[in-house]
Each structure stands twice: as structure tokens, then as C-alpha cells.
Amino acid sequence: MLNTLITHELRTIVLSPKFSLTFAVTSLLMLLSVAVGIAQYHDAVRQYETTTALTQQEMREARGWMSLNNTVLRAPDPMQIFVAGVNDDIGRISAVNSFRGIKLTHSTYSDDPVYAVFRFIDMAFIVSVVFSLLALLFTYDAVNGEAERGTLQLIFSNAVPRARYILGKFIGAWLGLIVPLCIPFMLSALLLIVWSVPMSPDHWLRLLTLYGTSILYVTVFIAAGILLSTATKRSSTSFLYSLVSWVCLVFIVPRAGATIAGQIVVIPTVAEVEAERDAFAKDRWARYEETLQTTWRSRNAPIESMTREDREAYREQHMWEWMEEDDRNRKQVQKDIDAFALSANEQQRNRKAEQERLAFALSRFSPASAYHLAAVNLAGTDITLKARYEDALNIYRPLFTAYKDKKQKESGGMGGIRIEVNTDTGVKIDTGREKGVLDISDMPRFEQPQRSFRDAAVPAMIDIGLLGFFSFAAFAGAFVRFLRYDVR
Amino acid sequence: MEQQPLLEANGLTKRYEDGALAVNNVSFSVRPGEIYAMLGGNGAGKTTTINLFLNFLEPTSGEARIAGIASHADPLAAKKHVAFVSENVMLYTNFTAVQNLAYFVRLGGRTGYTTEDYRRVLLRVGLQEEAHHKKLKGFSKGMRQKCGIAIAILKDAPAILLDEPTSGLDPKSGYEFMQLLGSLRDEGKAILMSTHDIFRAKESADTIGIMRQGNLVMQQSRAALSGEDLERLYMEHMAGVTE
Ligand SMILES: Nc1ncnc2c1ncn2[C@@H]1O[C@H](COP(=O)(O)OP(=O)(O)O)[C@@H](O)[C@H]1O
Ligand SMILES: [Mg+2]
């Protein structure tokens, strides 16, 4: 009996005239997206390799250890083919040197604005927007459509348990929509192999989990469509409701979450933070000036009564001491200002994290948000990607500068330019350039932050669980509604 | 020895939520090998009665029994013993006649039919062979009613419920349909049919019950029917219609 119901529903969907065309088109769209993604990935890899090689070359030809500067590139990851996330928005390059902090610059979109205009449509987007709509369009009249056509009556003139019927509907619709979804999934995987994208076992696991999550996400909309078809009498009503709820769940709720979170947790803008820091610095320097004046006065006090020569001698005697003291104070002021800026940044970052958490929590009411969050976490193109790289770079930077200092000491050269003036030999300028190229073979390399399957799956777990809950709740709703559905 | 009735209404009453009393304390029974015609105009309560048998509605009081099982108490057990043909048989338009048959027959709990069985039954109900494997999209009402009765035949239940099965059919199709019902009666089926057509009822029914405003106002066996009875029945019937 259940088999009969399932096969019938499956055939109804698969044999419907709209089915083959829609699935052919959407599958093609998905394959196209993956193909473009792979091409862009290979481009990114080429760019990464040439730039890295170029950097190495430049470092070897540096004027000396003193002027050795490193540039680190964010390596492309195959998962960006499926879920772009923030990948194209955040910088790919950071200079690593002793005098400037880490800053990732040169994002894909800032380098090639045309890409930002025609944003890359990734697989996750197609699933979240197109396949959710398809799921609704093929299920919104699952039950009330049959009631309208009059077939429900004939079905229930037989000894058909209602629970089994609605279960058969769900399973049939699920198979009818998920199996065709798996075809572009498998072909995409095939494309990866054919175009030799270096996928590690962890990558495959992450991709498989992403596929599973996508299926779960579409399941939510299948169950929601069936729920709407049992909650309304007329299919024209449920059609309208399904469109409205699709727009709300896929487009409005995710953004509303971010907007509301922005209203609740107010973050000072970067400009405000900078202004605050400048004000602090100004105030700090003003106080420094004040103390400087009192110091001068106290320094001059004992010499008021001295003779001119004594005064000169006294000054001469204390000159170094005073200069060092002033320098110490100045350095202290700079240190205070830096500390203030650091803590302000830290606060800003914490507030931002708090806002993000709230935005995610609010938008998670939508399965589309939950899916998106799970997808970016699985792909590693989530919002923490930038921080992960900055952290790794901040670990690398002292290693690199230490190496540079060590090399510089070993080579004995001071670096820079030495000018010797000798009455016998005249003026001699030494640029400090070592002979030949620098040997940087033992330079510490930057370790690209690795994301294991566990690292990716654990933060995605909550959203995957949420999608499971949404599916279950929607189906339970449909089930309960149908037990009392008027089948006449 | 008198056989047990297969279809039985005992004080069957239905009052809709809006207060309309659609069926009022109706009692009758249909035995194997009997055609019972429920005769009445629009709104007499015929469809409501049949819906009560199929448990599409809960009775307000009384009960409808199929093979001795009260429909509202154990609908799944009761429905095993009955086949249903509605006023307007609705099937899946993007499936063929045979595919529709196969689906509904399986839901009726019958398996093991061959394509030959479907062909035989469809020919028996008078559906031309070239239509068997056509999608139902272009089928006329008469063709759909034929498919409906074919499904009922294949379900092979001892009782059959038909709600105005011939309304809207041309005279020839209506006649053939009634002939078919007669042959099913001869096979021993208990048949409850609603109709507003007095002549058709008299032609083939073994028992006629006249319904008017939810009440079973009269019940008469075929044997008791005579020329003047027909006139009287007709008048009573029309009185129900003009109400
Ligand atoms: N769903 C309903 N709700 C309220 N009243 C109804 C409903 N269905 C039928 N009725 C009323 O019940 C009465 C009997 O209707 P019905 O059984 O359909 O008659 P028939 O089939 O003999 O034409 C009519 O007066 C009709 O208006
Ligand atoms: Mg009726």
C-alpha cells in the first residue's frame, strides 16, 4: 500500500510536463556554476603560484636582510567552488614585515570590480533559491489539488489509512525531487575529478556533508509545501502562500535578522573608533607637553643663580640624561596610545561578534539562513575566514621578523647605507649589499590555516540540526492537519 | 433463508455544523443480489447518506454498516467491503485508463491483475479498446464513469455504492450502465444507488426508497410496483424536488 502511494506520487511528479524541463534547466545551471567555479579556482591557483614565485624571487634579490619583505597569499581552496561565502570579498594578500601590522588586501572584487557586478552564482545559492522554489512548486497542491480534482474521494473510498497516505505523499515527493537533485551533484563531483581539482579526503567529506545538508534543506521546503497543501482548501490559496513564504524565508528573514541585530547591538563605526583614538592621542600628547614644561622648569630651577659658564657646564653634564628621560616619556605616550587603540579595536571586534551572533540567531528562523551558515562553515568560506588568516599571519609575522633579524646579525652587515669619510681614502659609500642573492631556503614558510572536516562540521552542526527540526516540524504539521482533512 | 444485509442504515442522522438536517433518522438495508435505488431530488440527502457510509462524514446519530461493520467505528475494515462510484468520477488526467485502474485497484487492496484483466473489464464496461492506453485528458464524462465502474468491478467488493452514476449521460450510455449494474447484481453484489431519475430506478431497482428533505418517506419493492404506483411515486418525488 505505502509502496503504491509512493510510486504513484513519484510518477505524478516525474511524469508531469513541467518536471523534465525545470530539472534539466536547473541541473544545467548548477553544472554551469560548478564549471565556472572550477575555472575560477584554477585561475586563482595560477595567480597564487605565480605571485608566490615572484615574491620569492624578489626576496632573494632584496638589497639585504634588513630590507627583506615578505608577502603572503591566501591559498585558494576547492570548496570555494561550491560556496563562495566571503571568499571573494576579503583580501588575498598581506605584506609581512617588521614595521607594519597584518592587513589582508586585494580581494577578488576590489581587483576585478566586474566580478562584483556579476557576482559568481555558486551551487549553495542555486540550492537555496532555486531548489527551494522548485520544492514548493511541486508540492504546494499535493493534497488540496487532489481534493479539488476529486481523486481524493476515490482514494479514501478504499481502506487507505490517512497516515500512510500523507507519508506516501511525502516520501514520493521527496524521492521525486531529491533523486533529480542528486544527478547534478554527482556530475559536479565528476567535474572535479575530470578537471583535476586537488580534493583531499577531508574535502570530499565536507562536500558530501554539504550535499547532505542541501538535501535536508530542500526537504524542509518539500514538507512545507505539503503542509501548505493540507492547511488550505484551495490550491490557488496555497500557491500564493507558498510564494509569499518563499520570499519571506529566503530573502526577507535572513536580512531582517541582520538589520534588527544592527539596531539592537550598536557598533561604533571605524571612523568613530578612529576619532576616539585621535582624541585620546591628542589629550595624551597635550598632557605630555604640560609635564615637559614643568620638567624644564624644575630642571632650570637649580641653575637660576648660577653663572653663565656654570650653567653651560651643568647643562652639558645633564644633557644625555635629560634627552633619554624625554625620549622615555615620549615612548611611553606612544605605547599608551597604541594600547588604547588595541583595546578599542578589541572592543569593536567583540561588539561586532556579539552583533553577528544575534544576527545569526535571529535569521536562523529561516531555513535559508541556517542552510547558508551551514554551507559556509562546511566550505570554510564563513565569516571567520578573515580572522583565521589574520591569526595565522600574526603567528607567522614574529617568526619571519626573528628570522630576518637573525640573518642580519649573522651576515654582520648593518644593512642600509654606510658612508665613511676618511681623509686618506676619501668618501666611501657602502650599500651593504651582500654578494649574489640571499639564501632564503631556511626561511620559515607561512602555514596556510588548515580546516579539517571536524573543524568545518562542528560549527555547521547546529544549523544542520535546525534544518532537521524544520523538516520534522513541517511534516508533523502536515500530518496532524491531514488526519482531520475533509476528503469529500 | 434470508441473507444478512451487506449495507445497512440504522436511524442514520446527519446534522451539518450550520444546523442543516441533511439526513433524518433513515433506516434501510441492501442484501446481496439486490439493487436499492435511493430516489430523490436535489438536496434530498442522498449524497450525505452515501458519504456517511464511506465515513467521509461522522453521523450525528445512528449508524451506517457495511458487512456488519459500523463505518464510523472502524472505517478501514468497513471500506474493504465496498466499492464506490461517484456522480462524477475523477481520475488522473495525465495517466492512461489502465494506469488509473492499476493505481486505484491496488489501493482497493487487489493485486495480481494482468493487463489482460484490465482489457477485459474495460471492454465489459464498454470502453473502446483504443482508449485503454490513452491519457484521460480528453475523456468524456461517460468514459470516466465507465472507468469508475471498472475500478469498482476490479475491487471485487461485495457491496457497491453509486451516487447518481448516470446523471448527465446520454440515454444510450445510461441504459448500458444500468444493464451493467444488473449483471453485477446477478453476480450477487449488494448495490446502493442514488438517483433522481424515477424511470431508471424503476427499470432496474429491486427496491426503491424515496428521500425527501432528509427523510426516507417511502420504500417499496419492485414486486409491489405497478403502473399507478409509478405515477404516485413520481408525484411524491417531484414534490421533493420543488421544495
Ligand atoms: N457541507 C455541507 N454543509 C452544510 N450543509 C450541507 C452540506 N452538504 C450538503 N448540505 C445540505 O444538506 C442537504 C442534503 O444535501 P445532499 O446530501 O448533497 O443532497 P442530494 O445529494 O440528495 O442532492 C442539502 O440541503 C444541502 O444543502
Ligand atoms: Mg448529490
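Which residue of β10(B) is the bridge partner of I208(B)? In β10(B), that partner is Q220(B).

Good morning. This is a predicted model, in which local features need pLDDT of at least 70, side-chain atom pairs count only at pLDDT 80 or more, and totals for chains, interfaces and linings use all residues. Residues are numbered from 1 along each chain as written, chains are lettered from A and ligands numbered from 1 in written order, and side-chain values use heavy atoms, without hydrogens and water.

Let me turn to the sheet. Strand β9 (residues 207–212) of chain B pairs with β10(B) in the antiparallel sense, over 6 bridges; two strands pair if DSSP finds at least two bridges between them. Both belong to an open sheet of 6 strands in chain B, ordered β6-β7-β8-β3-β9-β10, with mixed pairing. At its edges stand β6 (82–85) and β10 (215–221) of chain B, each with a single partner strand, so one side of each has no neighbour in the sheet.

Helix α1 (residues 46–53) of chain B packs on this sheet, touching β3, β6, β7, β8 and β9 of chain B; contact means heavy atoms within 4.5 Å.

Finally, I come to helix α4 (residues 115–124) of chain B. Its buried residues (under 20% relative accessible area, 1.4 Å probe, protein chains only) are D117(B), Y118(B), V121(B) and L122(B). Seen down the axis of α4(B), these residues fall within an arc of 125 degrees, so they line one face of the helix; the arc is that of the directions from the helix axis to the C-beta atoms. Their cover includes α3 (97–107) and α5 (141–155) of chain B.

Methods: Buried < 20%, exposed > 50% of the residue type's maximum accessible area, 1.4 Å probe, protein only. Helix = DSSP H or I, 4+ residues; strand = E, 2+ residues; numbered from the N terminus. Axes fitted to C-alpha atoms, helices over the stretch in contact; angles between N-to-C directions.
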